[in-house]
Amino acid sequence: MTTKTDYHSIMELKKQYNPCNRGFVNQYEVNQIETILEIKERNNIELQNVRDMVVMLYSQWAEPARDQEGCGQRDKRVEMLDAMSAICFVIDQEKVKRGMEV
(Lines give C-alpha, C1' and ligand atoms only; values in the text may rest on other atoms or scores of the structure.)
Protein backbone atom coordinates (compact mmCIF):
# COMPACT_ATOMS: atom_id res chain seq x y z
CA MET A 1 0.00 0.00 0.00
CA THR A 2 1.30 3.44 -0.88
CA THR A 3 1.42 6.36 1.53
CA LYS A 4 0.87 9.16 -1.00
CA THR A 5 -1.24 9.79 -4.07
CA ASP A 6 0.38 9.26 -7.46
CA TYR A 7 0.38 13.01 -8.05
CA HIS A 8 2.11 13.80 -4.75
CA SER A 9 4.68 11.05 -5.29
CA ILE A 10 5.50 12.33 -8.77
CA MET A 11 5.73 15.94 -7.57
CA GLU A 12 8.14 14.85 -4.84
CA LEU A 13 10.19 12.94 -7.39
CA LYS A 14 10.24 15.91 -9.78
CA LYS A 15 11.71 18.10 -7.03
CA GLN A 16 14.39 15.58 -6.11
CA TYR A 17 15.28 13.67 -9.27
CA ASN A 18 17.52 15.01 -12.01
CA PRO A 19 19.16 12.43 -14.27
CA CYS A 20 22.97 12.46 -13.91
CA ASN A 21 23.63 11.26 -17.46
CA ARG A 22 21.35 11.54 -20.45
CA GLY A 23 20.05 8.16 -21.54
CA PHE A 24 21.48 6.24 -18.58
CA VAL A 25 20.05 5.43 -15.14
CA ASN A 26 22.52 4.54 -12.41
CA GLN A 27 21.70 2.40 -9.38
CA TYR A 28 21.37 5.40 -7.07
CA GLU A 29 18.74 6.88 -9.40
CA VAL A 30 16.91 3.54 -9.65
CA ASN A 31 16.76 3.37 -5.85
CA GLN A 32 15.60 6.99 -5.63
CA ILE A 33 12.80 6.45 -8.14
CA GLU A 34 11.72 3.15 -6.57
CA THR A 35 11.67 4.65 -3.08
CA ILE A 36 9.84 7.90 -3.83
CA LEU A 37 7.25 6.24 -6.08
CA GLU A 38 6.95 3.28 -3.70
CA ILE A 39 7.30 0.91 -6.65
CA LYS A 40 7.64 -2.31 -4.64
CA GLU A 41 4.57 -1.53 -2.52
CA ARG A 42 2.24 -1.09 -5.49
CA ASN A 43 0.01 -3.76 -6.95
CA ASN A 44 -0.02 -4.23 -10.73
CA ILE A 45 -2.82 -1.75 -11.41
CA GLU A 46 -1.25 0.90 -9.17
CA LEU A 47 2.07 0.37 -10.94
CA GLN A 48 0.49 0.96 -14.35
CA ASN A 49 -1.45 3.94 -13.02
CA VAL A 50 1.67 5.69 -11.71
CA ARG A 51 3.44 5.04 -15.02
CA ASP A 52 0.54 6.55 -16.96
CA MET A 53 0.51 9.56 -14.63
CA VAL A 54 4.28 10.05 -15.07
CA VAL A 55 3.86 10.13 -18.85
CA MET A 56 0.92 12.51 -18.65
CA LEU A 57 2.52 14.97 -16.21
CA TYR A 58 6.04 15.02 -17.66
CA SER A 59 4.61 15.45 -21.17
CA GLN A 60 2.59 18.44 -19.94
CA TRP A 61 5.61 19.93 -18.16
CA ALA A 62 7.73 19.56 -21.32
CA GLU A 63 5.13 21.21 -23.57
CA PRO A 64 5.69 24.86 -22.53
CA ALA A 65 9.42 24.36 -23.07
CA ARG A 66 8.69 23.08 -26.58
CA ASP A 67 6.58 26.14 -27.32
CA GLN A 68 9.50 28.39 -26.32
CA GLU A 69 12.39 26.38 -27.81
CA GLY A 70 13.73 29.44 -29.58
CA CYS A 71 14.28 31.07 -26.18
CA GLY A 72 16.79 28.50 -24.91
CA GLN A 73 14.14 26.16 -23.52
CA ARG A 74 15.16 23.11 -25.56
CA ASP A 75 17.46 21.85 -22.79
CA LYS A 76 14.64 22.06 -20.23
CA ARG A 77 12.35 20.04 -22.50
CA VAL A 78 15.04 17.43 -23.13
CA GLU A 79 15.67 17.17 -19.36
CA MET A 80 11.97 16.61 -18.68
CA LEU A 81 11.64 13.96 -21.37
CA ASP A 82 14.86 12.25 -20.24
CA ALA A 83 13.59 12.12 -16.65
CA MET A 84 10.26 10.71 -17.88
CA SER A 85 12.07 8.06 -19.89
CA ALA A 86 14.23 7.05 -16.91
CA ILE A 87 11.24 6.81 -14.58
CA CYS A 88 9.30 4.72 -17.12
CA PHE A 89 12.34 2.45 -17.50
CA VAL A 90 12.43 1.77 -13.76
CA ILE A 91 8.69 1.09 -13.65
CA ASP A 92 8.88 -1.11 -16.75
CA GLN A 93 11.71 -3.10 -15.17
CA GLU A 94 9.43 -3.88 -12.24
CA LYS A 95 6.59 -4.78 -14.59
CA VAL A 96 8.84 -7.28 -16.40
CA LYS A 97 9.90 -8.83 -13.06
CA ARG A 98 6.21 -9.36 -12.29
CA GLY A 99 5.46 -10.87 -15.70
CA MET A 100 3.38 -7.90 -16.80
CA GLU A 101 3.24 -6.63 -20.38
CA VAL A 102 5.41 -3.64 -21.19
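Colleague: Is Trp61 buried, partly exposed or exposed?
Modeller: Let's start with the number for this residue, remembering that the model is predicted. Trp61 has a relative accessibility of 22%. Buried would need under 20% and exposed over 50%, so at 22% Trp61 counts as partly exposed.

Colleague: The structure holds one aromatic pair. How are the planes of Tyr58 and Trp61 arranged, stacked or edge-to-face?
Modeller: The two ring centres are 5.0 Å apart, and the angle between the planes is 70°. Planes count as edge-to-face when they are over 60 degrees apart. The pair of Tyr58 and Trp61 is therefore edge-to-face.

Colleague: And in which helix do Tyr58 and Trp61 both lie?
Modeller: Tyr58 and Trp61 are three residues apart, about one turn of the helix. The helix that holds both spans residues 44-67, and it is H3.

Colleague: Now Tyr58 by itself: is it buried or exposed?
Modeller: Beyond its neighbours within four places in sequence, Tyr58 is in contact with Ile10, Leu13, Lys14, Met80, Ala83, Met84 and Ile87. Its relative accessible area is 2%. Buried means under 20%, so Tyr58 is buried.

Colleague: Which element gives the largest share of the largest nonpolar core?
Modeller: This core has 24 residues, and Leu37, Tyr58 and Ile87 touch the most other members. The elements giving two or more residues to it are H1, H2, H3 and H4. The largest share is eight residues, and it comes from H4.

Colleague: Let's stay in that helix. Which side chain does the side chain of Asp92 join in a polar contact?
Modeller: Asp92 sits in helix H4, residues 74-97. It is buried, because its relative accessibility is 13%. Not counting residues up to four places away in sequence, Asp92 touches Arg51 and Val102. The polar contact, at 2.6 Å, is between the side chains of Asp92 and Arg51.

Colleague: One more, please! How far apart in space are Asn18 and Thr2, C-alpha to C-alpha?
Modeller: Asn18 is in the loop between helix H1 (6-16) and helix H2 (27-36). With a relative accessible area of 57%, Asn18 is exposed. Asn18 and Thr2 are 16 residues apart in sequence, and their C-alpha to C-alpha distance is 23 Å.

Methods. Residues are numbered from 1 along each chain as its sequence is written. This is a predicted model: local features need pLDDT of at least 70, side-chain atom pairs count only at pLDDT 80 or more; totals for chains, interfaces and linings use all residues. Side-chain values use heavy atoms; hydrogens and water are left out. Helices (H or I, at least four residues) and strands (E, at least two) are DSSP runs, numbered from the N terminus. Buried means under 20% relative accessible area, exposed over 50%, partly exposed in between (1.4 Å probe, protein chains only). A polar contact is a pair of N or O atoms within 3.5 Å; within protein, one must be able to donate a hydrogen and the other to accept it, and residues adjacent in sequence count only if both atoms are side-chain atoms. Contact means heavy atoms within 4.5 Å. Rings of Phe, Tyr and Trp (its six-membered ring) pair if their centres lie within 6.5 Å; planes under 30 degrees apart count as stacked, over 60 as edge-to-face and the rest as tilted. A nonpolar core is a set of buried Ala, Val, Leu, Ile, Met, Phe, Trp, Tyr and Cys residues joined through side-chain atoms within 4.5 Å.
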